[in-house]
Structures are given as structure tokens and as C-alpha cells.
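Work through the exercises below with the sequence and the model open. Each task is followed by a solution in steps.

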Amino acid sequence: MKDCIVLLLRSWKESLLIYIPKNFKLFLLVTIKSALQTYGYLIYHFWWLFLLIVLVDTGCYYPECLLPGSLWVLLNMFLKALFLLIVFMLSRPSVSLKNIHYILEKLYSFGLGALVLYLFFYMVSTIIKYIVVGLVMMPIFVCSLLFYLDTAGLLQDVLSSLWRGVKMYLFNTPFFLLSAIVVLGIWYQVTLLSVYWKYLFFLFVPFVVSYFKNMYVKRLHDQFNLYYTAF
């Protein structure tokens, strides 16, 4: 127990070292480079998906939904989940060429398991308080999905990926907590402006994913045995 606490505190300290100016500058430059690559793939291959999301999202305002309300909500959720999953797939490191064929192959292999993770965190977010969703559940979801995308894509990998996501959050809580506070603060300010300003934040998602993905890659490299040991 004592060794576990020592390991946890040392890991927390290491996670905070990223905020040392020289370390954070390098980390931010890598994040910007990764985000720009992701934006490039999205604009070139999936510009139509974002426009479709905006159309569906706004199509339920004036004067009424184009489809029955429940179907429209499900379609809206599906498109946003698809967009989010594509962002993760484009952001993660890969030697494969990231094009339509790459995305279709990944969706075929990981789509069902990723949907299970998404629905799990979505249902949890409707039960617990919003602030907890932002500060805890969001980073855990990001890490869990990244872990899952590094597996063979089997459904049984969902549970192990979820556990590893929780473990990465626990052992790097200071970094994820501070980062989530900033992200949640930006989101809160955006929602105060106008309902349509949320699309600007939605466009910010690839940068947020790239930011957390880089920390995931770094800590996975630093603490590989911590996450890939027996339960």
C-alpha cells in the first residue's frame, strides 16, 4: 500500500512537470503540429460531415424538427459521435495513410466498441453532475478511447481500456484536472455567448483531442508497465 501511494505521488509530480515553461512550450508545439494535421485531414476528407452536423443540429429549431423529435435527436447524437471518433482516429499515431479507406477500416474494426464506450460515458454524464462530467469523465473517456484504439478492437477490450483510462487519470490527476478546468471554462464562456457559438468550440475539439493524446502517448511511454500489468 505504501509503495502504491509513493508511486501515485511520484506520478502526480511527473504529470505537473509538463507545466514547466520549457516543457510546456515543447508539448504545446507538438500539440499544435498534431492538431493542424488533424484539421487538414478533416477539411480535406470530412468537411461535409461537419456541415451535415450543423444542418441537423439547427434543423430542429425553426419552426420544428424535420423528423420526429426522438429520431432527430438520435441522428444528431450519431453524427456527433461519428465526428468525435473520426477525430480520435485521425489524431492517434499511425504509420498508415490517413484517408477515407483508413477511417472505414478503423470504423469497421473499432466502431462497435467505441460506440459502447461513448454510450457508457454519455449515460453516466446524464446521471452525475455536469462539473464532474467535465473534470473527471471527459479525460477518462479520452484516455479510454485512445487505449481502445490501440487494441485489436474486440468488445472484451472495452473493459480493459476503460480500466486503463481510469488508471491513467488517477496516476496523472493534476495534469488532467487542471487541463479539464481550462477546457470546461472555455466551454462555459462559449455557451454564454450564443447557441451558435458552440460550433466554434466544436471546431476546437481536434485541438483538445490532440492535446490529451500527446499526454497519453507521453505517459504511456513513461509508465507502460503500469497500464499493461495484470488486473
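**Exercise 1. Confidence.** What pLDDT does the chain average?

Solution. The model is predicted, so local features need pLDDT of at least 70 and side-chain atom pairs count only at pLDDT 80 or more, while totals for chains, interfaces and linings use all residues. Residues are numbered from 1 along each chain as its sequence is written, and side-chain values use heavy atoms, with hydrogens and water left out.
- Step 1: pLDDT is the predictor's confidence in each residue, from 0 to 100. The chain averages 84, and 85% of the residues score at least 70.
- Step 2: Helices are DSSP runs of H or I with at least four residues, numbered from the N terminus.

**Exercise 2. Aromatic pairs.** Classify the ring pairs F120–F121 and F176–F212.

Solution. 
- Step 1: Rings of Phe, Tyr and Trp (its six-membered ring) pair if their centres lie within 6.5 Å; planes under 30 degrees apart count as stacked, over 60 as edge-to-face and the rest as tilted. The count by this rule is 22 aromatic pairs.
- Step 2: For F120 and F121 the centres are 5.2 Å apart and the planes stand at 85°, so this pair is edge-to-face.
- Step 3: F120 has 36% relative accessibility and counts as partly exposed, whereas F121, at 7%, counts as buried. Buried means under 20% relative accessible area, exposed over 50%, and partly exposed in between (1.4 Å probe, protein chains only).
- Step 4: For F176 and F212 the centres are 5.9 Å apart and the planes at 20°, so this pair is stacked. It links distant parts of the chain, since F176 is in helix α7 and F212 in helix α8 (residues 198-222), 36 residues apart. Both F176 and F212 are buried.

**Exercise 3. Core.** Which residues have the most contacts inside the largest nonpolar core?

Solution. 
- Step 1: A nonpolar core is a set of buried Ala, Val, Leu, Ile, Met, Phe, Trp, Tyr and Cys residues joined through side-chain atoms within 4.5 Å.
- Step 2: The largest one has 57 residues, and F88 and L145 have the most contacts inside it. Its largest share, 12 residues, comes from α3.
- Step 3: Leaving aside residues up to four places away in sequence, F88 touches F141, V142, L145, L146, L149 and V209; contact means heavy atoms within 4.5 Å.

Methods: Helix = DSSP H or I, 4+ residues; strand = E, 2+ residues; numbered from the N terminus.
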